[in-house]
Amino acid sequence: MAELTPNERARRLAAGADADRLPCVPIVGNTAARVIGCRVRELRYDAALLANAQVAAYRAFGYDNIRIFTDLYPSAEAMGAKVYAPDDETAYLALPAIQEPGQIDTLRPADPQRDGILPLQLEALRRALDVVGDEVPVTAALTGPFTVASFLVGAETLTRLVLRSPSAAARLCDLALETTLRLAEAIMDSGGTPSLTDAMSSATVISPRTFEQFSLPGLRTLVEYIHGRGKKVTLHICGKTQPIWPLMVATGADCLSLDNDASLAAAKTAVGDQVKLMGNVHPAAVMLQGTPLTVRAAVREVVAAAGDSPKGLIVASGCSLPTETPFENIRAMLDAVREIGFPVNRENLQETHALARKIPNSEPTLNYPGAPRHPFTEGELAHARKLAVREESTRTHTNPSPTCSRVSDSPSVKGRPRSGRGSSAFDAAAHETPNHPGAAGEGAV
Amino acid sequence: MSNSINNEETQLHAALADDVVAMDETNSVGHANEIVARQFDAYTAIDQGLVEGMNRVGKLFEQEEYFIPELLLSSDAMYAALDVLKPHIRRADGDQKPKVVFGVVEGDTHDIGKNLVKIMADSSGYEVIDLGRDVPPQKFVDEAVAVGASCIAISTLMTTTMDAMAEVVTILQKLKLREKFKVIVGGGPISPAFAEKIGADGYAPSAPTAVKLLNKLLAPPASA
């Protein structure tokens, strides 16, 4: 089958028809700066450049969703938080909007048309939609209310407040929610889809009970609002999430984007019949530090784990890609998904699976038309074998890092009709992070 | 008589530990004051009460019964009682504690994870020199040399700053100081493979395991 556009692919998959391959979203954030050769900082303050970079990255790699994203902080910044944007690295929080909980009542919800860089993000979204909106879903990152609240008062302060002064924590979350709702509205008014990313709500940071009390209400309100306007939405939370999968489903999100601290096979069993899944190739260990061979092996693991998930799978990185992720690894991710095809070619899956796991003396071959041949070096093969062994030995234990890539830069999203086979294109998105904890693309909390 | 005093002292230790686990700062300070008023040994109270409590908290954290908010509030209760007890420590043991220089690397302002490690190390008998966040690689080395540290612990939550971790090791090698310090790394995007790649001595995925790693790499402290 000839290569479909992302929208065509999504339509066919949603209708239960064959397609050329599974959807695939390496969550490209500021790596887009490398594609067009600009500085990371420029993307944050130049809407045209941000749109150009994201469109160029999409065209270079051919993935299934564009997400307008620079960092996790635009909403909090628009409410008074100070953000530091290094010349050529992802921006980070320099100072929360308030220094003590007593100042909560001085905060006001932001106006997306006016405050901080929100107008620029919206303009970039519109520009990208103008150029490629008819072929690929374009989303805009929307940081979840609890995570925004953590940037308003400081993560440590908020985590203390949830136990010590629940009413103050709830007030902060409500303020953050109001900003988030306004931004969601503005994103949809622009023709895009919000892509929810909520790193601080990770079970690496807060308990399921705290999630239920402080994260769930805001997320549910947002999802209801987004659904009310006919859009599907993806919820990305990085770090550990297994204890909160049922609660993530309870938000109403159409797709859960999980990072490498979560097992997609377990997620498929637990919630795969209720939501689409998205994940979870390791953004740092595989995408940044791996080779095309290790990336392809990791993609196969993902598809083997959840390629048959009842509501569908989007092969993705677990979090936003680190800025310096090699292009060849991003290409390899798409190549691997093309090789596997759709419906999933199990044989092919096994074959390359075995390759990464055992001793590949033969070169792996790509069997889609026009596929490039990749000769792999001895070093790459050795690395792949080592990785396979290591992954085997660590597979069963859960990895408790205190934050995402964790509270780190995580992100994500993709939506798909709740009924599972709805009509609209899924809107994928991605997230950043942490990673945490854990996070851990760039950006996590 | 002495039995019953011992018994009361032991009960106070148990109460302190419970206060820490219960995140109860008011009671932990109250019990610490009682220890002082009764002239019970402050050092033993810290060891048998506060440290014991934080050990239990660490276990609860590993078991995913406690999360970061709970851990922070427990440590608040621990530190508040520690402030009461510290001036009454009779033995001078501070000098023997292995010193660990901690920080979050340059460009990364996330520091919850580092603070958790610091709290757990602190309560496990290490002297923690906290450099804070956004720490340039050279500063880790300078401080470690200045204070005679045994270990440099580096944390990050962002993949963009991982190279700065490698830089610390490189600087140590250049200065021919690599053998003088253990270097451990942690944080969301870090993996054992990365730790190995940059030549660190170890990696820990969580605060309690970071302390276990320290115990393994360094001679365990004589006492908490």
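This is a predicted model: local features need pLDDT of at least 70, side-chain atom pairs count only at pLDDT 80 or more; totals for chains, interfaces and linings use all residues.

Residues are numbered from 1 along each chain as its sequence is written, chains are lettered from A and ligands numbered from 1 in the order in which they are written, and side-chain values use heavy atoms, without hydrogens and water.

**Exercise 1.** Describe the secondary structure and burial of chain A.

Solution. Begin with the elements: chain A has 17 helices and 12 strands. Helices (H or I, at least four residues) and strands (E, at least two) are DSSP runs, numbered from the N terminus. Next, consider burial: 64% of the 445 residues of chain A count as buried. Buried means under 20% relative accessible area, exposed over 50%, and partly exposed in between (1.4 Å probe, protein chains only).

**Exercise 2.** Determine how strand E8 (residues 255–258) of chain A is connected to E7(A) and to E9(A).

Solution. First, take the side chains: A:Cys255 and A:Ser257 point one way from E8(A), A:Leu256 and A:Leu258 point the other way, and all are buried. In general, side chains of a regular strand alternate between the two faces of the sheet.

Second, take the pairing, for which DSSP must find at least two bridges between two strands. Strand E7 (residues 234–237) of chain A runs parallel to E8(A) and is joined to it by four bridges; A:Leu235 has A:Leu256 as its bridge partner. Three bridges join E8(A) to strand E9 (residues 276–281) of chain A, also in parallel, and A:Ser257 stands opposite A:Met278.

Third, follow the chain from E8(A) through helix H12 (residues 264–271) of chain A to E9(A): this β-α-β crossover is right-handed. The term means that, with the strands pointing away from the viewer, the path from the first strand over the helix to the second runs clockwise. E7(A), helix H11 (residues 245–250) of chain A and E8(A) likewise make a right-handed β-α-β unit.

**Exercise 3.** Why does the pair of A:Phe61 and A:Tyr63 count as stacked?

Solution. Start with the total: the structure holds five aromatic pairs over all chains. The ring centres of A:Phe61 and A:Tyr63 are 6.4 Å apart and their planes stand at 20°, so this pair is stacked. Rings of Phe, Tyr and Trp (its six-membered ring) pair if their centres lie within 6.5 Å; planes under 30 degrees apart count as stacked, over 60 as edge-to-face and the rest as tilted.
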